Amino acid sequence: MNVMSRRNMLAGGASIACGLAVWSEATAQAAQAYTWRTVPFGGGGFVNGFLYHPKEKDLLYARTDVGGAYRFDPQAKSWIPLTDFLGPDDADLMGVLAMALDPNDPNKLYLACGEYLGEWARDGAVLCSADRGNTWSITALPAGVKLGGNADGRGTGERLIVHPTDGKILFLGTSQDGLFVSRNAGKTFTRIDGLPIKRISIVLMDGAGQALYVGSAEDQGGLYKSLDGGATFALVAGLPKYIPQRAVFDIDGNLYITLSNGRAPSGGDNGAVYRLDADGGEWRDIS
């Protein structure tokens, strides 16, 4: 190799080295400018419920069995994830069993969370937000209380409600541990002993907050009613021995309820829809 060839090779090597240095510096600068955010991936698990605020148009939430809760953005026509702040220790709280809204305060949102019911599972908790899910506080339920956001029956509900005339009172029906009440806007929950069942599918109040209804997820189903704030309950007559799935009052005070003979998605092959007349107080099968 002559002297000129050696010089050309060395010059080329210096150019390559210089190029690598420039590329590395540009790459480092670009890495520092990265902004990390959740990647929309479409689906995953079950979307088990939607909940509109009764007084504010387009304020809509969705819950999933393993993927957390979401608020709909009507301008962007997309869903905003609300529970991505949960870390590995709280991963089971991504299973949202129930949602509740304060009918008199559209900023309030509550989530009953927990994925599994085994003794090994994380205890359930209620997530409380005063700004539509932008920030949260977490209220642990009493020790040993599990919520099956990813268990059979997860599509029923809602099992968490805010009292229609007193936003400090919440009722929570659990998967296997009975009925609980909070009288301080979700800061603590205590068990209600007047209900003779442990597995609950729905919790509902009339518009005035005078009557409290609780659906049984026990094998024989049934709907229970309390007129004293949950101190005592009586089984409502006139329904088949099915598990209440969903219930709603219409503007005239008539109660509509859907029923199934099992806990989906693993059970249930028959069902019905019943209507309770507000005036006569009698059930009618409108399936």
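This is a predicted model: local features need pLDDT of at least 70, side-chain atom pairs count only at pLDDT 80 or more; totals for chains, interfaces and linings use all residues.
Trp 79 sits in strand 4, which covers residues 78–81.

**Trp 79 and its surface patch**

- Trp 79 has a relative accessible area of 36%, so it counts as partly exposed, a class that falls between the 20% and 50% cut-offs.
- Together with Val 47 and Phe 50, Trp 79 makes a nonpolar surface patch of about 310 Å².

- You can find Lys 146 in the loop that runs between strand 8 (137–140) and strand 9 (160–162).
- Lys 146 is buried because its relative accessible area is 7%, and buried means under 20%.
- Beyond its neighbours within four places in sequence, Lys 146 is in contact with several residues, including Tyr 116, Leu 117, Gly 118 and Glu 119.
- Other contacts of Lys 146 include Arg 122, Asp 123, Ser 175, Gln 176 and Asp 177.
- Glu 119 is 27 residues from Lys 146 in sequence, while their C-alpha atoms are 8.3 Å apart in space.

**The largest pocket**

- The largest pocket holds about 900 Å³ of space.
- Its lining is made up of 34 residues, and those nearest the centre are Leu 51, Pro 54, Leu 204, Met 205 and Val 248.
- Elements that give two or more residues to this lining include strand 1 (47–52), strand 5 (96–102) and strand 9.
- Strand 13 (200–205), strand 17 (243–249) and strand 18 (255–260) also give two or more residues each to the lining of the largest pocket.

Key: Residues are numbered from 1 along each chain as its sequence is written. Side-chain values use heavy atoms; hydrogens and water are left out. Patches are made of residues with over 30% relative accessible area and no salt bridge: like charges are joined within 9 Å, nonpolar side chains (Val, Leu, Ile, Met, Phe, Trp, Tyr) within 5 Å. Accessible areas come from the Shrake-Rupley method with a 1.4 Å probe; for residues, only the protein chains shown count as cover. A salt bridge is a side-chain nitrogen of Lys or Arg within 4 Å of a carboxyl oxygen of Asp or Glu. Helices (H or I, at least four residues) and strands (E, at least two) are DSSP runs, numbered from the N terminus. Buried means under 20% relative accessible area, exposed over 50%, partly exposed in between (1.4 Å probe, protein chains only). Contact means heavy atoms within 4.5 Å. On a 1 Å grid over the protein atoms alone, a cavity is a set of points where a 1.4 Å probe fits but cannot get out, and a pocket is an open set with protein on both sides within 12 Å along at least five of seven lines; lining residues have an atom within 4 Å of a point. Grid points are joined across faces, edges and corners, and a volume is the space filled by probe spheres set on the points.
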